[in-house]
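I set out to record what I looked up in this model, entry by entry. The sequence and the structure come first.

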Amino acid sequence: MKKIFFFLLISLTFLIADEVSDLEKLRIGIGKYFIAQQLTQKDIAQLKSIPTNVKGTLKFADGDLNLVVRKRDNRIIIIYQRFMDSTRDKLQKTISQLIIDFGEPTVISHEKIIYWAFNKKRIITQDEFQQFKDRLTKSGASGNKKVALKDFLKQQQKVQDKDVKLNAIATVKLNSDKNIYAKDSEKVNFYFILTAVNLIQKL
């Protein structure tokens, strides 16, 4: 029994290490910060600490950029920034920079939300996401073809058929309160958020 327990413990340790390694290789980040990056005490000393009530996490700010860190090993699990009462020009420049950084989006939803989803090797393409939606609908996991990516990511955990899963381990999301294609001069509130999906699920 002790040998079995030891084997399972070692296997779990390597599995967790692989998950972190996969995220580190993708280098999904903003500026000098990347998902799964392990902050040093020197790094943390230069950041502003922000109170958080989420168990197992710490929160910091570097200017307007916010970092949520896994407490037990100081690895970044979320990077986000909010833009309040901003301009259309700033929104479009932010979208353009995200496309430069991460490539063509995986999906655009309701003309307000843009998602980039990544498996352990690369970005998940629009075609792959559409095929995933079609297979998931046929499997009976969802009867609604308009379900957003975040909901599909939750549903994929419940699906047993490995051929149906996206196997997304990280996402980037931009969310605007106004139509991203509009050309008016109205003020807009928006944010982007980078998330280590698999690390958050194991907090």
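The entries below go from the whole chain to single residues.

**Entry 1. Basis.** I worked from a predicted model, in which local features need pLDDT of at least 70 and side-chain atom pairs count only at pLDDT 80 or more, whereas totals for chains, interfaces and linings use all residues. I numbered residues from 1 along each chain as its sequence is written, and side-chain values use heavy atoms, with hydrogens and water left out.

**Entry 2. The chain as a whole.** I found six helices and 10 strands in the protein chain. Helices (H or I, at least four residues) and strands (E, at least two) are DSSP runs, numbered from the N terminus. I looked up burial next: of the 203 residues in the protein chain, 43% are buried. Buried means under 20% relative accessible area, exposed over 50%, and partly exposed in between (1.4 Å probe, protein chains only). The accessible surface of the chain is about 12,300 Å², and carbon and sulfur atoms hold 54% of this surface. These areas come from the Shrake-Rupley method with a 1.4 Å probe; for residues, only the protein chains shown count as cover. Among contacts with a separation of 6 or more, 57% join residues 24 or more positions apart; contact means heavy atoms within 4.5 Å.

Entry 3. I traced an open sheet of eight strands with antiparallel pairing, in the order 3-4-5-6-10-9-8-7. Two strands pair if DSSP finds at least two bridges between them. Strand 3 (48-50) and strand 7 (107-109) are the edges; each has a single partner strand, so one side of each lacks a neighbour in the sheet. From one strand to the next, the twist averages 20°.

Entry 4. Which strands does helix 3 lie across? I noted that helix 3 (residues 88-102) lies across strand 6, strand 8, strand 9 and strand 10 (188-195), and that it runs at about 20° to strand 10. Axes are lines fitted to C-alpha atoms, for helices over the stretch in contact, and angles run from 0 to 180 degrees between N-to-C directions.

**Entry 5. Arg75.** I located Arg75 in strand 6 (residues 75-86). Is this residue buried or exposed? Arg75 counts as buried because its relative accessibility is 13%. Its side chain reaches the backbone oxygen of Ala36 at 2.7 Å, where a polar contact is a pair of N or O atoms within 3.5 Å; within protein, one must be able to donate a hydrogen and the other to accept it, and residues adjacent in sequence count only if both atoms are side-chain atoms. Leaving out residues up to four places away in sequence, Arg75 touches Val20, Glu24, Ala36, Gln37, Gln38, Val68, Val69 and Arg70.

**Entry 6. Salt bridges.** I counted eight salt bridges, each being a side-chain nitrogen of Lys or Arg within 4 Å of a carboxyl oxygen of Asp or Glu. Asp73 bridges to Arg70, with the closest N and O atoms 2.5 Å apart, and also to Arg75 (3.7 Å, N to O). Asp73 and Arg70 are both buried, and Arg75 is buried as well. A network of salt bridges links Glu24, Arg70, Asp73 and Arg75. Elsewhere, Asp177 meets Lys178 in a salt bridge (3.5 Å, N to O). Asp177 is partly exposed at 32% relative accessible area, and Lys178 is partly exposed at 22%.

Entry 7. Most residues other than glycine have a negative phi. Arg27 lies in the loop between helix 1 (2-26) and strand 1 (29-30) and counts as exposed at 52% relative accessibility. His110 also has a positive phi, near 55°, and is a residue other than glycine. The place of His110 is the loop between strand 7 and strand 8, and this residue is exposed, with a relative accessible area of 60%.

**Entry 8. Asp62.** I found Asp62 in strand 4 (residues 57-62), where it counts as partly exposed at 32% relative accessibility. The C-alpha atoms of Asp62 and Lys48 are separated by 6.5 Å, with the two residues 14 apart along the chain. Neighbours within four places in sequence aside, Asp62 is in contact with Lys32, Tyr33 and Leu47.
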